[in-house]
Amino acid sequence: MPTYRQCLKQAQKQMQTAGLSEQSATLLMLELANMDSQNLYMDYEKEMPSELEESFNEAFPRLLSGEPLQHILGFEWFYGYRFKVNEDVLIPRPETEELVANILAAYDEHFADKENVMVCDIGTGSGAIAISLKKEEPKLNVMATDISERALAVAGENAKINEAQVAFCCGDMVEPLIERQLHFDILISNPPYIPNDEELEHSVKDFEPHVALFGGDDGLKFYRIIFERSKLILNEKSMLAFEIGYNQKEALMAEAAKYFPDSKIEVLKDMNGKNRMLFIYNHCD
């Protein structure tokens, strides 16, 4: 049997040759072995159990092909909660955790004293945003929509896994909410915002759903739809919160001002100093 070191060194060399992250091989080993990094390096010169070697050798070619580690493992951690992921939903990203944190801060400032605050996550995908908000602030009444029934099936499973009461409905953007004549205090979306002609990494382009990635010629198509149609479902005092592309600040602030000329509009930076979140406050003093 090879040692942990021998197996990992060989895998890391192959990943490097393929132009892929060597760290992914280590993370795969840690998850399959159910170890933390400290224990792995303590056992570095020990022989691997045969069952672990078999599992690693079965999974590693998928990693080497560029398939995301999260798809191989079947889950990703987001805001401290575990979410099932597959090819039907986007893998939740760390930058989206910052959107959740800022939504919770805005809720505390503007809505914490209101009973029955209604929240909707538009285009929920895995349900990561909606479920994390409900877990962090159980008083919120949270709904989520998605055009994909397959994505909603994943989101529903994640709600059960995390014991979160979130209502899901299938439909295009805000249309199912308009049809049901619902009204909300907080609307949230991490919509498709990549321009149609932008080149993506192989691990994204070939393994994640394009319907959740591409947002028209300039990437702003779905923001415009939400800006225009949301007026039919927003309460007078309300807030919209979006994840945005790092280079979309000026264009989106200009678009938002057309639809919400009397509202407070601001863009927030992420921890890397990039403009990644758009907030619109309607009558929030």
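Q: Why are H6 and H7 called oblique to each other?
A: The axes of H6 (residues 94–110) and H7 (residues 128–136) cross at roughly 40 degrees. Angles under 35 degrees count as roughly parallel, over 145 as roughly antiparallel, 65 to 115 as roughly perpendicular and the rest as oblique. H6 and H7 are therefore oblique. Their axes come within 10 Å, and the crossing is right-handed.

This is a predicted model: local features need pLDDT of at least 70, side-chain atom pairs count only at pLDDT 80 or more, and totals for chains, interfaces and linings use all residues. Residues are numbered from 1 along each chain as its sequence is written, and side-chain values use heavy atoms, with hydrogens and water left out.

Q: Which residues make the contact of H6 with H7?
A: H6 supplies Thr-96, Leu-99, Val-100, Ile-103 and Leu-104. H7 supplies Ile-129, Ser-132, Leu-133 and Glu-136. Contact means heavy atoms within 4.5 Å.

Q: What makes up this contact by class?
A: Six residues are nonpolar, two are polar and one is charged.

Q: What share of the protein chain counts as buried?
A: Of its 285 residues, 52% count as buried, meaning under 20% relative accessible area with a 1.4 Å probe, protein chains only.

Definitions and conventions
Axes fitted to C-alpha atoms, helices over the stretch in contact; angles between N-to-C directions. Helix = DSSP H or I, 4+ residues; strand = E, 2+ residues; numbered from the N terminus. Left-handed = near helix turned anticlockwise from the far one by under 90°. Nonpolar A, V, L, I, M, F, W, Y, C, P; charged D, E, K, R; others polar. Buried < 20%, exposed > 50% of the residue type's maximum accessible area, 1.4 Å probe, protein only.
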